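Me: I am new to this structure and would like to know what stands behind the words used for it. Please set values against definitions as we go.

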Amino acid sequence: MTLQIKSFEEYKEVYKRSVEDPEGFWAEQAATFNWHKKWDKVLEWNFREPKIEWFVGGKLNITENCLDRHLESRGDQVAILFEPNQPDAPVQTYTYKQLHAAVCKTANALKANGIKKGDRVCFYMPMVPELAIGVLACARIGAVHSVVFAGFSAQALADRIKDSSCKMVICSDYNDRGAKHIPVKTVVDEALTMDCDSIETVLVHKNTNGTVDMSDPRCKWWHEEVDSQSPVCEAEVMDAEDMLFILYTSGSTGKPKGVVHTCGGYMVYTSFSFKNVFQYQDGDIYWCTADIGWITGHSYIVYGPLLAGATTVMFEGVPTYPDSGRFWAVCEKHKVNQFYTAPTAIRALMAQGDKWTEGYDLSSIKVLGTVGEPINEEAWEWYNEKIGKGNAPIVDTWWQTETGGIMISGLGAHSPMKPTYAGYPLPGIQPCLLDSDGKLLEGNDVEGLLCIKFPWPSMIRTTYGDHERCRQTYFSAFQDMYFTGDGSRRDKDGMYRIIGRVDDVINVSGHRMGTAEVENAINEHPKVVESAVVGYPHDIKGQGIYAYVITAEPVADEEALRKEILAVVTREIGPIAKPDKIQIVSGLPKTRSGKIMRRILRKVASGDTSNLGDVSTLLNPEVVDEIKDGALAKS
């Protein structure tokens, strides 16, 4: 069994051992899984190329460890518990035996449609069990899954399909989300008109029985392809470093990055981090409210829990439907033991009033978690008091798409807690703080740039099709370091607090948006000459998007233009990237070399116009007053 730490003293001992002998430590954790062939070497690495390989020469299939190895001991235990969008709709459950059979049938259907090891399969689906089943079916046969959040636009979906040359898209007919009835298949149809020539098959799951166009000969119904298949499918033997999945994340340049994770190390680390952070015990009911379209859903709805033999809840709905007590009603209904959500959701529910937390029995909750962004103290205290009743520890987890798993966090009740602080690094994780010159900041009570100085099993291996971009983005800033892009503080006790992004990436509701990506979308509007996007403090989302827009000609109806710009951004990226504020300006503050002074724009957006520093060296210093006045007039 995977090691599970039971006290802070044990954590300190295990952590010491894990950094003194990382290869020995991770070999012990890996040995608890089923391997077709043991590895020849635990680790080969350098951060210069970069080249990171864990469990070199090892052979395995991750789904055998998620499913097959549990069949004898917990075959009749619920693996996935599905809570549908409508609270009065019947709950669906899949035992480990039923999930194993469903995955095998789906894997056989993929093979029957020409999908083989190494092929890329794109998913664009709501939070239904078939999404998890399809992802596992890909892993079963060695196909590479690429899940795209089903709120992204047709253009964003097409971009991701083309970047990884996907052979198949799996989608649903519609998505019922809260009171909305979203036409998922229509978005896929539109994406396929955008030069997605690699797509040979579109597999459509009948989720709502809504009417869709199936005239394209590539379109096939999920049930017609899957239901008649054999429930037996031998797992493809994979190398530890074979690709498991690609997941796209926004960067500071316009094009999304396809983050690549591989089979062996990802398996070992997600299982270890899940069991330790959430202190999962046999029989517990665990619920992560994320979407599988994000890394949190991959690691802590699907792989981590199933590797640990857990019961994992999948939720189709939203926290405010049919009312703002939905999360707590579900926790009471299923007697949830571990609950993991985003600070954005917590703040949004706080804003609805305490009455929505009253009258629910939340005594089953043993651990509360937060993910996606640092949680502010007011939200932490509310979560602790209203949901945890002061009895459930809060694990404020810090990690990234690129890290694959949780890096800094409490371990259930076995670590000190401090509001706004993620806490201590997990065993095997070696963080450090550097100043802007790359000098290591020793000791405690320091603030700097958060880097990791030694590899861990679930870390990014490359960006799909562009390894140089991976090197430039994560490994070029400081020699022999993985640079997270975040600033951090280490307090007098050695606990880490994440301060936020230091690059041109905005964290909106826990989802990273590249400023260049949003600017590129805004600039598609025919009246827009140039735009600059920055983040600003937002009471609910953590960060909001503030766009400064230059038009070719004076605008008679600014409000109409704003609506048109929002429509363009929705079309190009999706509603999640819509700016919260759009200010029409005549110019942007630029240096004489043409670089936009975003520092000034960030300060104005946040309402801090008292000290903008020396602007006299700008190419156009006069524009700063205009921007200030415009912003003040808007507030």
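Reply: One term comes first: contact means heavy atoms within 4.5 Å. The model is predicted. In that sense of contact, Ala 132, Val 135, Leu 136 and Ala 139 in H6 meet Val 302, Tyr 303 and Leu 306 in H11. The residues of this contact divide into 7 nonpolar, no polar and no charged.

Me: How is the packing of H6 and helix H11 described?

Reply: Two packed helices are described by the angle between their axes and the distance between the axes. For H6 and helix H11 (residues 295-307), the angle is about 65 degrees and the axes are 10 Å apart. The crossing of H6 and H11 is right-handed.

Me: Which residues of the largest nonpolar core touch the most other members?

Reply: They are Trp 35, Phe 55, Leu 99, Phe 278 and Tyr 303, in a core of 117 residues. Helix H6 (residues 129-141) gives the largest share of this core, 9 residues. Another core, of 47 residues, lies apart from it, with Val 148, Val 204, Val 212 and Ala 521 among them.

Me: What is Trp 35 in contact with, leaving aside its neighbours within four places in sequence?

Reply: Trp 35 is in contact with Ala 30, Phe 55, Gly 58, Lys 59, Leu 60, Ala 240, Gly 264, Met 267 and Val 268. Ala 30 is also one of the buried residues of helix H2 (residues 22-30), together with Pro 22, Phe 25, Trp 26, Ala 27 and Gln 29. What covers the buried residues of H2 includes helix H1 (8-20), strand E1 (41-46), strand E2 (51-56) and helix H10 (263-277).

Me: Why is Asn 337 called buried?

Reply: Buried means under 20% relative accessible area. Asn 337 has 12% relative accessibility, so Asn 337 counts as buried. Asn 337 is found in the loop between helix H12 (326-334) and strand E18 (338-341). Its side chain reaches the backbone nitrogen of Ile 285 at 2.7 Å.

Me: Which residues of H12 are buried, and what do they pack against?

Reply: The buried ones are Arg 326, Phe 327, Trp 328, Val 330, Cys 331 and His 334. They pack against strand E4 (78-83), strand E16 (285-288), strand E17 (311-315), E18, helix H13 (343-352) and helix H14 (377-387). After H12 comes Lys 335, with a positive phi near 50 degrees.

Me: Why does Asn 113 count as buried?

Reply: The cut-off is under 20%. The relative accessibility of Asn 113 is 10%, so Asn 113 is buried. Asn 113 lies in the loop between helix H5 (96-112) and strand E6 (120-124).

Me: What makes the pairing of the side chains of Asn 113 and Glu 225 a polar contact?

Reply: A polar contact needs a pair of N or O atoms within 3.5 Å, one able to donate a hydrogen and the other to accept it. The side chains of Asn 113 and Glu 225 are joined by such a contact, of 3.1 Å. The side chain of Asn 113 also makes a polar contact with the side chain of Lys 220, at 2.6 Å.

Me: How far apart are Ile 406 and Val 277?

Reply: Ile 406 and Val 277 are 129 residues apart along the chain, and their C-alpha atoms are separated by 8.1 Å. Val 277 is one of the residues in contact with Ile 406, and others include Phe 278, Tyr 340 and Trp 399.

Technical notes. Residues numbered from 1 in each chain as written. Predicted model: local features only at pLDDT ≥ 70, side-chain atom pairs only at ≥ 80, totals over all residues. Heavy atoms only, no water. Core = buried A, V, L, I, M, F, W, Y, C linked by side-chain atoms within 4.5 Å. Buried < 20%, exposed > 50% of the residue type's maximum accessible area, 1.4 Å probe, protein only. Helix = DSSP H or I, 4+ residues; strand = E, 2+ residues; numbered from the N terminus. Axes fitted to C-alpha atoms, helices over the stretch in contact; angles between N-to-C directions. Left-handed = near helix turned anticlockwise from the far one by under 90°. Nonpolar A, V, L, I, M, F, W, Y, C, P; charged D, E, K, R; others polar.
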